[in-house]
Amino acid sequence: MSGSRVVVAGGAGFLGSHLCERLLLDECEVVCVDNFLTGRPENVEALFDLGKISVHDRDITMNLQIPGPVDVVFHLASPASPIDYLRFPIQTLKAGSIGTLHTLNLAREKNARYILASTSEVYGDPLVHPQPESYWGNVNPIGLRSVYDEAKRFAESLTMAYRRTYGVSTSIVRIFNTYGPRMRRDDGRAVPTFVEQALSGKALTVAGDGSQTRSLCYVDDLMDGLIGLAASDIPGPINLGNPHEVSMLALAREIRDLAESSSSISFVVLPEDDPQVRQPDISLARDALGWSPSVSLQKGLRRTIAWFRETT
Ligand code: NAD
């Protein structure tokens, strides 16, 4: 990847900013495109000293013209946390549909490698566990969460159509829950919510009875996978995530302990269509990419908690 010119749509978000950082450290030139709907300028401003990066305040659903050569296009631009996509339902559908069309057209025009950031949410509330890429999913197409799930399913379909019709070198990555520094404290996802509550001495709010599970991948591990995927010709879909599964109640307790907090735990109503279980089958990533996560949950949570403390 060294020396490549890479477009990162959604580069000012949580994952996008880590990707921009990793690409700069790998001596790529980075073109970050973001409309700051859910991302923050400070996420990328912190990277200016690391190398050659330009930041463009643009909505990819309007248009996407980038002068000059482009080697890789990453499409990460979409609200991603349930709070965000429920607040921005139409923007989420447009980012997955029109945004995917525009980023694919850019990759086609530039003869660039294309990586679509899809999600484990395409599996919905899964009836197969753990979830291999061959599983087609169990998604409510008209429920509240469908704005995100169906946008990603459409984005996957469009990406495959560009591959089959125009021969674009595409890849679809199904990202499972990822956490780490630079998550917004108020984005509603479990890790930042619990960390914020534990550090401020508030009760940790666990949805339902807390028995529902998630598999949490530390952001550095995910970046290794994304970079490896871009450098390969693997078409995907390919799962990237940490197969270590944890219940939400166990996660809340772990975060409370690591933060040395005396917060209590309270139980709140489970959101509509909340998946009961979630665990990636990463056999394909192991075999085809030689990738597997290496940061333990405890180590990743310690780093995340430390970042939240430092940035209070
Ligand atoms: P995020 O909200 O932090 O980042 C998304 C970025 O996209 C933000 O900077 C936002 O401003 C930008 N954006 C949204 N709509 C845009 C538009 N129309 N034009 C330009 N920019 C736009 O979310 P994230 O957690 O970093 O997720 C990044 C991508 O990875 C998303 O596509 C998401 O679906 C996918 N993903 C993330 C996770 C995870 O655990 N974080 C899991 C699965 C999939």
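Leaving aside its neighbours within four places in sequence, which residues is Leu19 in contact with? Hello everyone, let's start there. Leu19 is in contact with Val8, Phe74, Leu76, Met223, Leu226 and Ile227, where contact means heavy atoms within 4.5 Å.

Before going on, a word on the model. It is a predicted one, in which local features need pLDDT of at least 70 and side-chain atom pairs count only at pLDDT 80 or more, while totals for chains, interfaces and linings use all residues. Residues are numbered from 1 along each chain as its sequence is written, and side-chain values use heavy atoms, with hydrogens and water left out.

Back to Leu19. Together with Leu23, Phe74 and Leu251, Leu19 touches the most other members of the largest nonpolar core, which has 60 residues. A nonpolar core here is a set of buried Ala, Val, Leu, Ile, Met, Phe, Trp, Tyr and Cys residues joined through side-chain atoms within 4.5 Å. Buried means under 20% relative accessible area, exposed means over 50%, and partly exposed is in between, using a 1.4 Å probe and protein chains only. Helix H8 gives this core its largest share, seven residues. Apart from this core lies another, of 22 residues, with Leu64, Leu116, Leu158 and Ile172 among them.

Now to H8 itself. Helices (H or I, at least four residues) and strands (E, at least two) are DSSP runs, numbered from the N terminus. H8 covers residues 219-231, and at 1.5 Å a residue its 13 residues should span 18 Å; the end C-alpha atoms are 19 Å apart, which agrees. That expected span is 1.5 Å times one less than the number of residues. Among the buried residues of H8 are Val219, Leu222, Met223, Leu226 and Ile227. An α-helix has 3.6 residues a turn, so residues three or four places apart point the same way.

A polar side-chain atom of Tyr148 is 2.5 Å from a ligand oxygen atom. Leu15 uses a polar backbone atom, 2.8 Å from an oxygen atom of the ligand. Ile60 has a backbone N or O atom 3.0 Å from a ligand nitrogen atom. Taken alone, the ligand exposes 820 Å², and the protein buries 97% of that; these areas come from the Shrake-Rupley method with a 1.4 Å probe.

Last, some backbone details to look at on screen. Most residues other than glycine have a negative phi, and most peptide bonds are trans. His129 and Pro130 are joined by a cis peptide bond, with omega about -5°, and Pro130 sits in the loop between S5 and H6. From Gly236 to Pro237 the bond is also cis, with omega near 5°.

Glu27, in the loop between H1 and strand S2 (29-34), has a positive phi near 65°. Is Glu27 buried or exposed? Glu27 is exposed, at 59% relative accessible area. Arg182 has a positive phi near 80°, but Arg182 is buried, at 14%.

Technical notes. Polar contact = N/O pair within 3.5 Å; in protein donor to acceptor, adjacent residues only side chain to side chain.
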